[in-house]
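Here's a walk through the model, one feature at a time. Keep the viewer open and follow along.

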Amino acid sequence: TFILTSCNDGDFDIASFEFEENVNVCGSYTLYRLSTDGQREALIVTLTAQQIRQDQEVVIPVSVSENGLYTVTDRVFDDAVTSDYFCATIPPVEPRVVKNWTGVSGLILVENRPVFDEDEETIVAWEHIIVLNDVVLESGDEKLIFNDTYLFGTFTSSPD
């Protein structure tokens with residue numbers, strides 16, 4: 001669950017938090033989900049190799065920071081956004097960001113689990129489960145607050 005504390009002047013620049021089920025990955029550590037309403041909103045999480053691992057089945061918590069290695073961002077765009085926006089070395093100028101919510105506190109929890117073949121011995125993939133815990137996002141004086149936990153999503157990676 002999350003709480004939105006802000007004023008809406010009637011424009012479409014408010015976060016909806018209705019995202020496609022799929023977690024998209026650019027590079028190894030930029031994860032994002034697009035909104036179900038025309039892909040005009042994205043929830044973005046950045047991590048490092050310390051969290052997206054293929055060697056243990058433990059939960060790895062990291063603190064959200066505004067400008068550090070572990071970030072959570074919610075962006076609302078003026079038009080549909082695609083993977084080109086997130087995967088480009090220099091993000092394109094279109095679509096334009098009309099609202100940018102930046103994570104200022106909270107935790108990102110990552111659980112890495114091996115996925116075994118039918119023989120239950122051979123690892124065929126790794127499942128990475130990303131959960132946001134008590135994350136607070138800010139945009140100016142407005143705040144989005146994730147009370148308790150929010151399942152960002154799950155994605156798999158091929159074994160090294």
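Predicted model: local features only at pLDDT ≥ 70, side-chain atom pairs only at ≥ 80, totals over all residues.

## E111, R113 and the other salt bridges

E111 is partly exposed, because its relative accessible area is 22% (buried is under 20%, exposed is over 50%, and partly exposed is in between, using a 1.4 Å probe and protein chains only). E111 pairs up with R113 in a salt bridge, where the closest N and O atoms are 2.9 Å apart; the term means a side-chain nitrogen of Lys or Arg within 4 Å of a carboxyl oxygen of Asp or Glu. R113 is partly exposed too, at 32% relative accessibility.

Residues are numbered from 1 along each chain as its sequence is written, and side-chain values use heavy atoms, with hydrogens and water left out.

How many salt bridges does a search of the whole structure find? The count is six. One of them joins R53 and D55, with the closest N and O atoms 3.0 Å apart, and R53 is partly exposed at 21% relative accessibility. E138 and K143 also meet through their side chains, at 3.7 Å from N to O. Both ends of that pair are partly exposed: E138 has a relative accessible area of 28%, and K143 comes in at 35%.

## The disulfide

Searching the whole structure turns up one disulfide, defined as a pair of cysteine sulfur atoms within 2.5 Å. The partners are C26 and C87, and their sulfur atoms sit 1.7 Å apart. The pair ties together distant parts of the chain, 61 residues apart, with C26 in strand β2 (residues 24-26) and C87 in helix α1. As for those labels, helices (H or I, at least four residues) and strands (E, at least two) are DSSP runs, numbered from the N terminus.

The link of C26 and C87 is left-handed, with -55° about the S-S bond. Are its two ends buried or exposed? C26 is buried, with a relative accessible area of 6%, whereas C87 counts as partly exposed at 43%.

## The nonpolar cores

Now for the inside. In soluble globular proteins, nonpolar side chains tend to be buried together. Here the largest nonpolar core has 23 residues, and L47, V72, I108, I130, L132 and F152 touch the most other members. A nonpolar core is a set of buried Ala, Val, Leu, Ile, Met, Phe, Trp, Tyr and Cys residues joined through side-chain atoms within 4.5 Å.

Click on L47 first. Leaving aside neighbours within four places in sequence, L47 is in contact (heavy atoms within 4.5 Å) with Y29, L31, I52, V62, L69, Y70, I108, V110 and I130.

Then try F152, which you'll find in strand β10. F152 counts as buried because its relative accessibility is 0%. Again setting aside neighbours within four places, F152 is in contact with V23, L31, Y32, R33, L43, V45, I130, V131 and L132. V23 is 129 residues from F152 along the chain, yet their C-alpha atoms are separated by 8.0 Å.

Which peptide bond is cis? The one from E94 to P95, with omega near -5°. P95 is in the loop between α1 (83-87) and β7 (97-116).

Two non-glycine residues with positive phi are worth a look. E120, with phi of about 60°, belongs to the loop between β7 and β8 (123-139), and E120 counts as exposed at 65% relative accessibility. D134 has a positive phi of about 50°, but D134 lies in strand β8 and is partly exposed at 41%.
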